[in-house]
Amino acid sequence: MTATTDSVELVGEEVTGNVARAVLFAAATSATAPVDMVHPLAPNVPITLQTLWVYLAGIVLGPLWAGVAFTLYLLAGLIGLPVFAGGNAGLGVILGPTGGFLIGFPLGAMTIGAVAHGTDGLTAPGEVPVPRLVLALLAGTAVVYAAGAVGYAVVQAIGLVAAVSAVVVPFLPVAGLKMAGTVAIVRSEAIVAR
């Protein structure tokens, strides 16, 4: 008596690779977010590398998987893993004064991916034209900062203009440095499409 079996592929290699990359970006963000600096003009809002990872994820993973990466990141923090700025975790952080930024991360990463890659599929990160990269990063930054400002305004019960002055304007030079760093990384040989 002989038995034959057919190979069954439940999840394709492409999906497996994308999930692995999304997990990698969530893990990198989780590993670096607890290391933060105090901004002298906005001491209640930390400077972290989180948005750098948002930028890179959007460009490397594209809109769908970049969104997945930062949804995983938020879920890790929600279940209590100390992955948010300063090693914090929990729903209280997301509902706190800077929680809007966290909510903006998946949206910003998806925006960056959509602007950088369009609707024709993913382009190798190093082949996305620099003007398009810059436009994608500006759009994603606007989404993250808008969500952060709205969240801050709601939690602190202040006007939107005051929130923008408190948590957006002081961070624009830092965002500019992160965007320049992202373009430099993407244009280097550090990222190779597989």
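Good morning. I shall begin with the largest nonpolar core, which has 49 residues; Phe70, Tyr73, Phe84, Leu102 and Phe105 are those with the most contacts inside it. Helix α2, residues 50–78, belongs to the elements that each supply at least two residues of this core. The others are α1 (13–32), β2 (42–47), α3 (91–94), α4 (99–117), α5, α6 and α7 (172–187). The largest share comes from α2, with 14 residues. As general background, nonpolar side chains in soluble globular proteins tend to be buried together.

Please keep in mind that this is a predicted model.

The protein chain has seven helices and two strands. Along the sequence, these elements follow the pattern α-β-β-α-α-α-α-α-α. The C-alpha trace spans about 75 × 40 × 25 Å along its principal axes. The protein chain has 194 residues, of which 42% count as buried. If we take the contacts between residues at least 6 apart in sequence, 69% of them join residues at least 24 apart.

I return to the core and to its aromatic residues. The structure holds five aromatic pairs. One of them is formed by Phe70 and Tyr73: the ring centres are 6.0 Å apart and the planes stand at 70°, so this pair is edge-to-face. These two residues are three apart in helix α2, and therefore about one helical turn separates them. Both Phe70 and Tyr73 are buried.

Tyr73 also pairs with Phe84, again edge-to-face, at 5.5 Å centre to centre and with 75° between the planes. What does this pair tie together? Tyr73 lies in helix α2, whereas Phe84 lies in the loop between α2 and α3, so the pair ties together parts that are eleven residues apart in sequence. Tyr73 has a relative accessible area of 0% and is buried. Phe84 counts as buried too, because its relative accessibility is 1%, under the 20% limit for that class. Ring pairs link Phe70, Tyr73, Phe84 and Phe105 into a cluster.

Leu102 deserves a word here. Apart from its neighbours within four places in sequence, Leu102 is in contact with Gln50, Tyr73, Leu74, Phe84, Val93 and Ile94.

My next topic is the pair of helices α5 and α6. Helix α5 covers residues 130–156 and helix α6 covers residues 160–167; their axes come within 8 Å and cross at roughly 115°. The crossing of α5 past α6 is right-handed. On the α5 side, the residues that meet α6 are Gly148, Ala149, Val150, Tyr152 and Ala153. On the α6 side, they are Leu160, Ala163, Val164, Ala166 and Val167. By class, this contact has nine nonpolar residues, one polar residue and no charged residues.

Finally, I turn to Ala157, which lies in the loop between α5 and α6. Its phi is near 55°, a positive value in a residue other than glycine. In general, most residues other than glycine have a negative phi. Is Ala157 buried or exposed? Ala157 counts as exposed, because its relative accessibility is 70%, and the class begins over 50%.

To close, I recall two points. Helices α5 and α6 meet in a right-handed crossing, and Ala157 lies in the loop between them. Thank you for your attention.

Technical notes. Residues are numbered from 1 along each chain as its sequence is written. This is a predicted model: local features need pLDDT of at least 70, side-chain atom pairs count only at pLDDT 80 or more; totals for chains, interfaces and linings use all residues. Side-chain values use heavy atoms; hydrogens and water are left out. Axes are lines fitted to C-alpha atoms, for helices over the stretch in contact, and angles run from 0 to 180 degrees between N-to-C directions. Helices (H or I, at least four residues) and strands (E, at least two) are DSSP runs, numbered from the N terminus. A crossing is left-handed if the near helix is turned anticlockwise from the far one by less than a right angle, and right-handed if clockwise. Contact means heavy atoms within 4.5 Å. Ala, Val, Leu, Ile, Met, Phe, Trp, Tyr, Cys and Pro count as nonpolar, Asp, Glu, Lys and Arg as charged, and the others, Gly among them, as polar. Buried means under 20% relative accessible area, exposed over 50%, partly exposed in between (1.4 Å probe, protein chains only). A nonpolar core is a set of buried Ala, Val, Leu, Ile, Met, Phe, Trp, Tyr and Cys residues joined through side-chain atoms within 4.5 Å. Rings of Phe, Tyr and Trp (its six-membered ring) pair if their centres lie within 6.5 Å; planes under 30 degrees apart count as stacked, over 60 as edge-to-face and the rest as tilted.
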